[in-house]
Amino acid sequence: METEGARTGRSGLLLDQFDQARETAQVRLTGLGDEEYLWEPVAGCWSIRRRGETATPRAYGPGEWVLDKGAPDIPANEYAEVARQVAGGMTVTEIADDWSVSVERVEQVLAHTGAPEPDEAPVTTIAWRLGHLHSCLAGRWEWTFGERRQEPKLLVDFTPSADLALKRFWALIDRWRDSVAAVTDEQLDTVGFSQYPYGSDPDDPFVAVLAGANREFIHHMAEIALLRDLWRARFTPRG
């Protein structure tokens with residue numbers, strides 16, 4: 001349904017939200033250079049690195065460059081997310097694999113009742129944020145609109161080139177958007193229309209998956225925008 005040019009149906013609202021976020025993100029990413037793309041504002045950042053040079057235990061990717069993954073623990077600010085994963089149908093074993101921790105640690109998090117511990121979530125580079133988002137959307141496309149057989153962690157060939165990374169990323173974004181635009185109302189309501197294995201997609205109606213994908217895109221792009229602001233500010237004279 002449309003009212004004076006504005007789409008008010010569920011699909012239309014989600015597409016409009018995605019389109020507006022994408023337009024803002026594309027403007028904010030204009031001029032991204034390799035040095036800024038790989039900039040590590042603090043020690044111990046997660047980024048993309050050559051295979052064999054990463055310090056994280058589960059870095060992944062099909063080529064020479066891999067994406068850092070594998071926190072030493074689940075940070076306190078993510079306890080609610082673990083609870084949501086359980087409510088969404090993920091098993092404790094699946095959650096442990098997703099967070100790269102032991103089953104026992106997940107059980108401890110689920111039983112947590114005390115005051116939150118200090119947040120130990122890693123700081124990440126623009127390259128990591130963009131690569132993570134690219135990997136998630138590529139995997140979700142494969143397991144929703146594709147053949148549903150390829151391992152999501154092997155779909156994106158990470159690169160130290162900002163230009164090449166963005167070229168590949170926007171091509172994936174266009175494919176995702178075109179596929180979403182063709183989804184029917186019946187498919188929006190279908191539980192398990194997406195079978196993406198790293199999340200609760202198989203147990204959710206697709207409209208909820210789309211809303212979550214939009215949130216993921218928006219919040220990672222906001223983080224990238226902040227990193228760009230900090231990069232620029234570090235070279236700006238004060239006073």
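## A tour of the rings and cores

Select Lys153 and Tyr60: the charged end of Lys153 sits over the ring of Tyr60, 5.8 Å from its centre. The model on screen is a predicted one.

Tyr60 and Phe158 are both buried.

Next, select Phe169 and Phe217. Their ring centres are 6.5 Å apart and their planes meet at 5°, so this pair counts as stacked. Phe169 belongs to helix H7 and Phe217 to helix H9, 48 residues apart, so to speak of distant parts of the chain being linked applies here too. Both Phe169 and Phe217 are buried.

Beyond its neighbours within four places in sequence, Arg22 is in contact with Trp170, Ile173, Asp174 and Phe217. Is Arg22 buried or exposed? Its relative accessibility is 17%, and therefore it counts as buried.

Now show the whole of H1, residues 10-28. At 1.5 Å a residue, its 19 residues should span 27 Å, and the end C-alpha atoms are 27 Å apart, in agreement. Its buried residues are Ser11, Gly12, Leu14, Leu15, Phe18, Ala21, Arg22 and Ala25.

Then colour the largest nonpolar core, which has 43 residues; Tyr37, Trp176, Phe217 and Met221 have the most contacts inside it. Two or more residues each come from H1, strand S4 (65-67), helix H6 (126-142), helix H7 (162-181) and helix H9 (206-233). H7 gives the largest share, 9 residues. Another core, of 11 residues, lies apart from it, and includes Ala76, Ile95, Val106 and Val109. In soluble globular proteins, nonpolar side chains tend to be buried together.

Centre the view on Trp176. Leaving out neighbours within four places in sequence, Trp176 is in contact with Phe18, Leu137, Arg140, Trp141, Phe145, Phe206, Leu210 and Ala213. Trp176 also belongs to an aromatic cluster with Trp141, Phe145, Phe193 and Phe206.

Where is the charged end of Arg175? It sits over the ring of Trp141, 3.9 Å from its centre.

Notes
Residues are numbered from 1 along each chain as its sequence is written. This is a predicted model: local features need pLDDT of at least 70, side-chain atom pairs count only at pLDDT 80 or more; totals for chains, interfaces and linings use all residues. Side-chain values use heavy atoms; hydrogens and water are left out. Helices (H or I, at least four residues) and strands (E, at least two) are DSSP runs, numbered from the N terminus. The expected span of a helix is 1.5 Å times one less than its number of residues. Buried means under 20% relative accessible area, exposed over 50%, partly exposed in between (1.4 Å probe, protein chains only). A nonpolar core is a set of buried Ala, Val, Leu, Ile, Met, Phe, Trp, Tyr and Cys residues joined through side-chain atoms within 4.5 Å. Contact means heavy atoms within 4.5 Å. Rings of Phe, Tyr and Trp (its six-membered ring) pair if their centres lie within 6.5 Å; planes under 30 degrees apart count as stacked, over 60 as edge-to-face and the rest as tilted. A charge sits over a ring if NZ of Lys or CZ of Arg is within 6 Å of the ring centre and within 35 degrees of the ring normal.
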